[in-house]
Amino acid sequence: MSDNMKMRAQLKGGLVEVKVLMSHPMETGRKKDDFGQLIPAHFVQLVTATLNGKTVLEAQWGTGIAKNPYLTFRLKGAKVGDIVSVTWLDNVGETATQDIAVTAV
Amino acid sequence: MQRRNFLKLILGATTALLLEPLNALAALWSKPAFETTKIKEATKLLGIHDEISSTDIQIIAPDRAENGAVVQVEIKSNLANTDAIYILVEKNPTPLIAHFEFSVDTEPSLVTRIKMAETSDIKVVVKAGAQFFTRSKNVIVLENGCG
């Protein structure tokens, strides 16, 4: 599922900056298609980030996060080679996980 | 007619059974707070109360957004013991956008991109210990971003 998420984790001035770009339509359920039919809601609801297996960030999202969600967060006390993992779960039960090792700038 | 009702019942029950494991996972998600159309109702459902206005919350967002479909927002809390950050957009059809929970190893800051239906305040709430703090920033939206 690596196509679903692009990630980068870089050590910058003592903090590890993690950037995540997910591939997801984030449909609100209020938009109509070309035939006037409502497009069903399809959006990421839960996001979890771990550092070496330990949870560091948990998020709940509604339909107000923009299409192809983007997220930056920063970790204290992480070092080069540590593994950052991000998982999302959407309202129809689809899920994706991506791991990345921390690199120096 | 009776037979049709019976079939409907069977169909309904089967669907409910199939959906059950999914609902168990989704139970973590604050459905009522995310689905309400009123910002006050959303904060109430999240247990947010007596928010104190604070300049220790930084919101970096454009003053004017060309397209409400993608509005980049950066939020930083300088408040000690920040556990959670909530993002709400007052005039969106469903005002609650996101709820982030931070561990002690995570800086209470984030960057994300949100949708804005029209010109509105972005309201950020920070939970620090047992207290709630808030700050808002107005963004003028030139083109509707919700559909």
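These legends walk through close-up views of a predicted two-chain model.

Residue numbers start from 1 along each chain as its sequence is written, while chains are lettered from A and ligands numbered from 1 in the order in which they are written. Since the model is predicted, local features need pLDDT of at least 70 and side-chain atom pairs count only at pLDDT 80 or more, whereas totals for chains, interfaces and linings use all residues.

**View 1**
Chain A has eight strands and zero helices; here helices (H or I, at least four residues) and strands (E, at least two) are DSSP runs, numbered from the N terminus. Read from the N terminus, its elements go β-β-β-β-β-β-β-β. Along the principal axes, the C-alpha atoms of chain A fill a box of roughly 50 × 20 × 20 Å. Of its 105 residues, 37% count as buried, where buried stands for 20 or more other C-beta atoms within 10 Å of a residue's own, exposed for 12 or fewer, and partly exposed for anything in between, with C-beta atoms placed from the backbone. Take the contacts in chain A with a separation of 6 or more: 56% of them come from residues 24 or more positions apart. A contact here needs two C-beta atoms, placed from the backbone, within 7 Å.

**View 2**
Strand 1 (residues 5-12) and strand 2 (residues 15-22) of chain A run antiparallel and are joined by eight bridges; two strands pair if DSSP finds at least two bridges between them. Look for Met7(A) across from its bridge partner Val20(A), and for Gln10(A) bridged to Glu17(A). The hairpin has two residues between the strands, and Gly13(A) takes a positive phi near 50° there. Strand 1 of chain A also pairs with strand 8 of chain A, this time in the parallel sense over two bridges. In that pairing, Leu11(A) stands opposite Ala104(A) of strand 8.

**View 1. Met7(A) and its surroundings.**
Met7(A) sits in strand 1 of chain A. Is Met7(A) buried or partly exposed? Met7(A) counts as partly exposed because it has 18 C-beta neighbours inside 10 Å. Leaving out residues up to four places away in sequence, Met7(A) touches Val18(A), Lys19(A), Val20(A), Val86(A), Gln98(A) and Ile100(A). Leu71(A) is 64 residues from Met7(A) in sequence, and the two are 9.7 Å apart in space, C-alpha to C-alpha.

One pair to pick out is Thr72(A) with its bridge partner Val111(B).

**View 2. The contact between the chains.**
Chain B gives 33 residues to the contact and chain A gives 30 residues. On the side of chain B that touches chain A, the elements with two or more residues are helix 1 (2-26), strand 6 (96-102) and strand 7 (106-114) of chain B. Strand 7 of chain B has the largest share of that side, eight residues. By type, this side of chain B divides into 19 nonpolar, nine polar and five charged residues.

Chain B comes to three helices and nine strands, in the pattern α-α-α-β-β-β-β-β-β-β-β-β. Buried residues make up 35% of its 147 residues. The largest nonpolar core has 58 residues, and those with the most contacts inside it are Ile87(B), Ile114(B) and Val124(B). Such a core is a set of buried Ala, Val, Leu, Ile, Met, Phe, Trp, Tyr and Cys residues joined through C-beta atoms within 7 Å. Not counting residues up to four places away in sequence, Val124(B) touches residues including Ile57(B), Ile75(B) and Ile87(B).

**View 3. Two asparagines with positive phi.**
Asn68(A), in the loop between strand 4 (54-61) and strand 5 of chain A, has a positive phi near 50° despite being a residue other than glycine. Asn81(B), in the loop between strand 4 (71-77) and strand 5 (82-89) of chain B, has a positive phi of about 60°. Asn68(A) is partly exposed, with 14 other C-beta atoms within 10 Å; Asn81(B) counts as partly exposed with 13 C-beta neighbours inside 10 Å.

Terms used
Nonpolar A, V, L, I, M, F, W, Y, C, P; charged D, E, K, R; others polar.
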